[in-house]
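Please examine the sequence and the structure shown here. The briefing below is arranged by topic.

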Amino acid sequence: MSSENLDILLVEDNQDDLDLALHALRRENLANKILVVRDGEEALDFLFCRGKFAGRSVDQAPKLVLLDLKLPKVDGMEVLKQSKSDPRLKSIPVVIMTSSKEERDLVASYNLGANSYIQKPVDFEKFRNTVKTVGLYWLVINQPPVAQDSQPVAGTAHD
């Protein structure tokens, strides 16, 4: 899948949660282009244009990242920390969607720059409605900042 004009980067390793999220987003026609990655390392490779994503430009950022915390290889907190500490990526909304009920995870997520923190509902219908609402807000209602061409992007030539 081309990452050009990507609507959502969905970072989820649980197949059931992944299937439910994709079903909800597609059923409501909220996202035309969704890229799924199954671990934190792959998410970072995508965001930072490394590995199999080396051919893409960081300027082709997703409009939204839906990020699980409990991921293989690199956990969601580290993905959040690295993406929000990079000036090229920090304005991308990151919504934590996790089964964690730990207050420390919630606090740490916001301290690292998460835009929203949602505990995944166990109930199928509630989960579907939650994903639908998240997609509706971040992709339709929310007003993102306009990219500023006057600021040079790290690692690129600027005239």
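This is a predicted model: local features need pLDDT of at least 70, side-chain atom pairs count only at pLDDT 80 or more; totals for chains, interfaces and linings use all residues.

Residues are numbered from 1 along each chain as its sequence is written, and side-chain values use heavy atoms, with hydrogens and water left out.

**Overall architecture**

- The protein chain contains five helices and five strands; helices (H or I, at least four residues) and strands (E, at least two) are DSSP runs, numbered from the N terminus.
- Starting at the N terminus, the order of elements is β-α-β-α-β-α-β-α-β-α.
- Of the 159 residues in the protein chain, 47% are buried, where buried means under 20% relative accessible area, exposed over 50%, and partly exposed in between (1.4 Å probe, protein chains only).
- The protein chain has an accessible surface of about 8900 Å², and carbon and sulfur atoms account for 48% of this surface (Shrake-Rupley method with a 1.4 Å probe; for residues, only the protein chains shown count as cover).

**A strand pair**

- Strands β4 (residues 94–98) and β5 (residues 116–119) run parallel and are joined by four bridges; two strands pair if DSSP finds at least two bridges between them.
- The chain passes from β4 through helix α4 (residues 103–111) to β5 in a right-handed β-α-β crossover, meaning that, with the strands pointing away from the viewer, the path from the first strand over the helix to the second runs clockwise.

**A nonpolar surface patch**

- L136, Y137, V140 and I141 form a nonpolar surface patch with about 370 Å² of accessible area together; patches are made of residues with over 30% relative accessible area and no salt bridge, with like charges joined within 9 Å and nonpolar side chains (Val, Leu, Ile, Met, Phe, Trp, Tyr) within 5 Å.
- Y137 lies in helix α5 (residues 124–141) and is partly exposed, at 37% relative accessibility.

**Salt bridges**

- The structure holds twelve salt bridges, each defined as a side-chain nitrogen of Lys or Arg within 4 Å of a carboxyl oxygen of Asp or Glu.
- K63 and D7 form a salt bridge (3.1 Å, N to O); these residues are 56 apart in the chain.
- K63 is partly exposed at 47%, whereas D7 is buried at 8% relative accessibility.
- D68 and K120 form a salt bridge (3.6 Å, N to O), and both residues are buried.
- E12, D17, D68 and K120 are linked in a salt-bridge network.
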